[in-house]
Amino acid sequence: MPNRLSISECIKLLDNREIKVTELVNAYLREIENRDEEINAFITVTKDEALEKAEELDRKGKRISPLSGIPGGIKDNICTKNINTTCASKMLKDFVPKYSATVYERLLDNDFVMLGKLNMDEFAIGGGGEYSYFKPVKNPYNISHMAGGSSSGSAASVAAFECAFSLGTDTGGSILKPSSYCGVVGMKPTFGTVSRYGVVGFAPSLEQTGPITRTVLDNAIVLSKIAGHDEKDPCSIKRDLDFLQDIDKGLKGLKIAVPKELMDMDVIQRDVRKCYEKSFEIFKELGCQVDVVSMPSLQYSLSAYYAISSSESASTLARYDGIRYGHRTKEYSNIEELYEKTRGEGFGIDVKKRILFGTFLLVEKEKNYLDKARKARTILMNEYERLFKEYSIVLTPASPITAPAFGEKQSNALEKYYEDIFTTPINLCGIPALSMPVCKDSNGLPVGIILSARHYDEKTLYRFGHAFEAARGILK
Amino acid sequence: MINFALKHIYDIFLTTKVLEVIILDITNLEKLAKIRLTEEERKEIEKDLAYFTTMLEDPFKADTSNVQGTTIVSHTENVYRDDLVEDFEDLLFDGEIIVPRIVE
Amino acid sequence: MKYEAVIGLEVHVELKTNTKLFCGCRNEFGKKPNTLVCPVCAGMPGTLPRLNKEAVNLAIKAGIGLNCKINKFSRFDRKNYYYPDLPKGYQTTQYEMPLCTDGYIDIGGRKIGIERIHLEEDAGKLIHEEDKTFVDFNRSGVPLIEIVSRPDIRSGEEAALYLKKLRGILLFTGVSDCKMNEGSMRVDVNVSVRPKGLSFFGAKTEIKNINSFQYTQEAIGYEINRHIELYENGKTPENETRRYDEKSKKTYTMRAKEDSSLYMYLPDTELVPLDISEEEIDEIRKKMPLLPEEREKMYVKEHGLSDFDCENILQEVHFAEYFEEAAKLSKDAKNSANLLITQIFSLLESDKVIKIKPLRLAEVSNLMTDEVINSSTAKKLLEKLWEEDFDVENYVKENKLFQINEKDVLSRYIDEAMEENQKIVDDYRKGKKKALKALTGIVMAKTRGRANPRLLNTLLNEKLG
């Protein structure tokens with residue numbers, strides 16, 4: 001079954017003409033057909049286009065890029081010209097953009113085969129994958145559990161062998177968390193590495209697009225092709241893009257920081273803690289030094305993240321007003337009613353929650369929470385900077401828990417947001433991070449870790465990840 | 001504009017100490033954000049936002065004297081475009097854009 | 001009680017760029033609705049702004065022209081509000097850190113402070129019909145600067161003077177074409193009135209979107225009187241937004257003033273900050289054209305022009321350039337200025353294009369200076385030149401348009417006229433001094449307008465005794 005192969009394995013077979021692109025694509029399409037009714041990873045499957053592209057590539061024969069002929073899926077908040085881009089929202093359920101995100105154009109330029117658009121939490125807000133307007137994404141390891149979000153379909157589709165790779169977007173852990181819940185490899189690159197143009201975000205200062213794959217090497221291969229300066233994104237940076245250069249160098253003598261404050265948290269599930277500690281052992285065996293360090297500012301990250309992301313969302317999502325495109329309410333007698341009903345009907349509960357909270361923060365002038373949050377962000381960044389002078393990476397669990405079951409009652413809203421305790425500091429600081437699985441918990445659900453590094457140091461993350469993956473072996 | 005009603009609740013998650021919770025005037029926020037909520041949604045959101053606001057106090061524990069806020073982790077500045085025309089060839093809208101008569 | 005008005009102006013000016021502030025769409029007026037739009041300026045999902053360098057340069061130019069401090073560091077913010085012509089649900093503007101601050105305009109001895117100039121994008125336009133409103137996004141994203149004065153203005157006259165000076169500076173620096181009728185210059189006024197000598201501020205009314213400097217002056221005058229009248233009657237004006245009706249020459253309530261604390265501002269994190277170096281500013285400073293004030297000084301000093309001349313010529317950049325070109329070629333630049341203002345300007349059509357080469361104006365003017373032709377011939381020549389270009393000296397020769405400077409020739413014409421118009425001569429002698437003018441006209445007609453006017457006058461007086 002060629003869809004079980006990694007990208008690097010596929011590349012060999014394709015290069016040696018041992019497999020046709022059509023065979024590969026058909027294998028994936030079959031998997032989607034067989035399994036996605038259950039998993040709900042896809043919102044749109046572009047079957048005809050995929051087959052057409054596969055045939056064209058087989059005819060052409062020449063492979064212009066490692067990604068040539070490799071089938072992938074795109075999160076549905078990444079604009080794809082002439083293909084529905086819904087953001088899993090009623091607001092945009094019929095929206096067909098007349099432009100493409102730069103990151104999608106890059107993949108097309110590399111002759112990848114587009115399989116379709118992936119399900120997500122509405123407007124990338126939410127962490128479970130259950131807040132899609134269309135259908136909740138289910139965890140391929142156990143369909144009564146969530147896939148994590150917001151890039152739920154991106155993680156689930158790769159885990160379920162419905163895609164060789166996918167693109168997700170990450171604002172506060174939206175790649176890292178679902179990757180961990182679904183046992184796949186997710187990368188949130190340094191802010192400014194992958195163009196934001198055409199990616200429908202909600203908090204621009206925090207957002208990055210990144211690849212989700214089944215192996216670390218595959219991940220580095222995809223990132224190499226989507227990263228790079230884009231003049232359409234003012235925050236896009238010109239930087240070194242050789243992510244593979246250190247991947248085989250091993251880890252002897254490298255230092256890993258483990259934040260004491262997170263270790264002490266009693267919210268971490270026992271199984272998660274066990275797996276996390278197991279990862280220390282693996283890294284030590286690989287020749288690393290693992291030190292427990294203090295990062296007191298981590299305690300501010302959740303609130304700083306929610307303040308900043310919510311306020312940005314209240315502004316960024318203001319454009320969905322029913323005037324020019326997207327959902328417009330059926331009956332209205334004046335403009336105010338048009339706005340209020342359109343946005344009331346078009347957005348789901350989690351999006352509304354975020355917008356209203358953000359609106360509160362924008363009009364709240366007395367305490368100026370936002371100012372405090374921005375200052376906390378600076379403090380946090382300084383703390384990371386200090387750590388990265390001595391340590392190559394910071395190692396944390398991906399989430400305090402494994403994928404929760406649907407319908408599992410959370411005692412309050414905060415508990416749900418505490419799932420993001422390990423991921424939000426990463427976005428606040430714009431640093432790169434890699435999420436990968438360590439082992440399975442007693443219910444057979446994957447448990448993941450997050451490796452984060454200094455700005456622009458994805459190559460070190462891949463180096464750690466690649467060595468770790470080999471030492472860990474098959475996920476048990 | 002926003003009614004701050006202070007209410008004390010037990011936060012079962014963060015700590016066991018008593019926290020101040022700000023109950024937001026949701027109806028006013030709805031007006032500002034142009035979102036009409038159903039009664040059910042309003043209840044749920046009211047409850048959740050109250051929890052959110054408890055969290056907002058965290059950064060106040062930090063010593064932020066002499067700290068400049070970060071709005072963007074930007075490694076670039078002065079990113080410009082030359083003043084050259086790029087026409088968008090595709091028809092952007094399906095037809096005229098009509099809204100209810102606006103009285104100014 | 002004596003009152004004093006406290007007036008501040010907020011002027012929005014569209015920048016003269018080829019393209020919009022954040023995308024490559026054309027910055028043009030008067031095109032078919034929604035033909036100058038792209039995903040960026042239509043606020044489509046996921047699109048990002050790209051800052052137009054020229055817009056920043058023009059804003060800096062305005063800052064230099066208006067004696068501002070150009071801030072090294074500035075940033076864009078989002079001003080969030082909902083309106084159908086605002087595609088993103090926020091206007092990208094500069095709130096906390098504007099590009100320019102602390103400038104002034106000198107309005108003849110008094111300095112009116114300028115608090116700030118910031119760069120921002122324009123919204124689209126609403127077109128109202130009976131039962132519905134259409135939205136046109138062609139203007140959405142057009143670069144604007146907003147020039148906010150300090151409340152230093154005390155009267156409608158001063159406001160008009162400030163606006164005139166401001167317009168001149170923006171025109172001559174090439175920042176904007178400042179066409180009020182096309183909306184590329186828009187004026188909002190804040191008026192309050194207080195007892196003279198006190199420093200508190202009275203209730204403030206804002207008058208929005210006034211269409212001309214004249215109306216601004218009138219509206220302010222009306223508003224000041226209205227406030228005073230209310231105070232005199234023991235009432236207070238409302239804090240509100242009003243509009244000026246040009247027909248009735250009154251202001252009317254539009255809406256209660258928005259509570260500015262309800263505007264939701266947020267730094268725009270799709271854009272990166274501006275960090276403008278001293279060198280960049282110097283580079284622009286070096287290329288600054290002469291401002292109207294500097295030109296006026298030069299005109300007065302070098303060419304002996306009057307205030308009236310300067311004001312007329314400095315109305316438009318191309319008038320000034322035209323005059324300066326003609327003056328270079330003129331023996332008497334003041335005479336050229338006179339011809340330009342009295343003759344040529346009366347030929348202008350609405351596009352204000354001068355259809356005569358500056359060289360020709362200088363030629364005509366020089367023939368006058370040399371007393372080869374008189375002013376009425378000059379007028380005819382300019383009218384003819386408006387239709388087609390020709391070598392003036394040749395034309396004068398060929399058509400024998402020389403001024404009649406010979407005493408005996410002119411005498412013959414006068415005698416003839418007096419003989420034929422005995423009644424007018426009698427009238428004059430009876431004391432009707434006006435009759436002299438009639439006779440001058442008759443002689444001028446007989447000479448096809450070529451008589452030397454000074455000589456004619458002397459001879460007529462002699463002959464009529």
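How far apart do the C-alpha centres of domain 1 and domain 2 of chain A lie? They lie 28 Å apart. The structure is a predicted model, in which local features need pLDDT of at least 70, side-chain atom pairs count only at pLDDT 80 or more, and totals for chains, interfaces and linings use all residues. Residues are numbered from 1 along each chain as its sequence is written, while chains are lettered from A and ligands numbered from 1 in the order in which they are written.

Domain 1 of chain A covers residues 2-226 and domain 2 covers 302-369. These bounds come from an automatic or database domain assignment. The contact between the two takes 20 residues from domain 1 of chain A and 18 residues from domain 2 of chain A. Two residues are in contact if their C-beta atoms, placed from the backbone, lie within 7 Å. On the side of domain 1 of chain A that touches domain 2, 11 residues are nonpolar, 6 polar and 3 charged. Here Ala, Val, Leu, Ile, Met, Phe, Trp, Tyr, Cys and Pro count as nonpolar, Asp, Glu, Lys and Arg as charged, and the others, Gly among them, as polar.

Ser399(A) sits in the loop between β11 (393-397) and α14 (413-418) of chain A. Helices (H or I, at least four residues) and strands (E, at least two) are DSSP runs, numbered from the N terminus. Ser399(A) is buried, with 30 other C-beta atoms within 10 Å. A residue is buried if 20 or more other C-beta atoms lie within 10 Å of its own, exposed if 12 or fewer, and partly exposed in between, with C-beta atoms placed from the backbone. Residues up to four places away in sequence aside, Ser399(A) touches Lys177(A), Ser180(A), Glu419(A) and Phe422(A). Its C-alpha atom is separated by 8.6 Å from that of Tyr181(A), 218 residues apart along the chain.

Backbone geometry was also examined. Most residues other than glycine have a negative phi, and most peptide bonds are trans. The peptide bond from Gly149(A) to Ser150(A) is cis, with omega near 5 degrees. Tyr456(A) has a positive phi, near 70 degrees. This tyrosine is partly exposed, with 18 other C-beta atoms within 10 Å. Lys352(C) also has a positive phi, near 60 degrees. Lys352(C) is exposed, with 11 other C-beta atoms within 10 Å.

Chain B has 2 helices and 4 strands, in the order β-β-α-α-β-β. Of its 104 residues, 26% are buried. Chain B meets chain C through 26 of its residues, which are in contact with 32 residues of chain C. On the chain C side, β10(C) gives the largest share, 4 residues. Strand β4 (residues 97-100) of chain B and β10(C) pair in the antiparallel sense over 4 bridges. Two strands pair if DSSP finds at least two bridges between them. Pro100(B) has Lys132(C) as its bridge partner.

Helix α3 of chain C (residues 213-232) has 20 residues. At 1.5 Å a residue the helix should span 28 Å, and its end C-alpha atoms are 29 Å apart, which agrees. The expected span is 1.5 Å times one less than the number of residues. Buried residues of α3(C) include Phe213(C), Ile220(C) and His227(C). The buried residues pack against several elements of chain C, among them β1 (3-14) and α2 (156-172). Gly234(C), with a positive phi near 75 degrees, follows α3(C).
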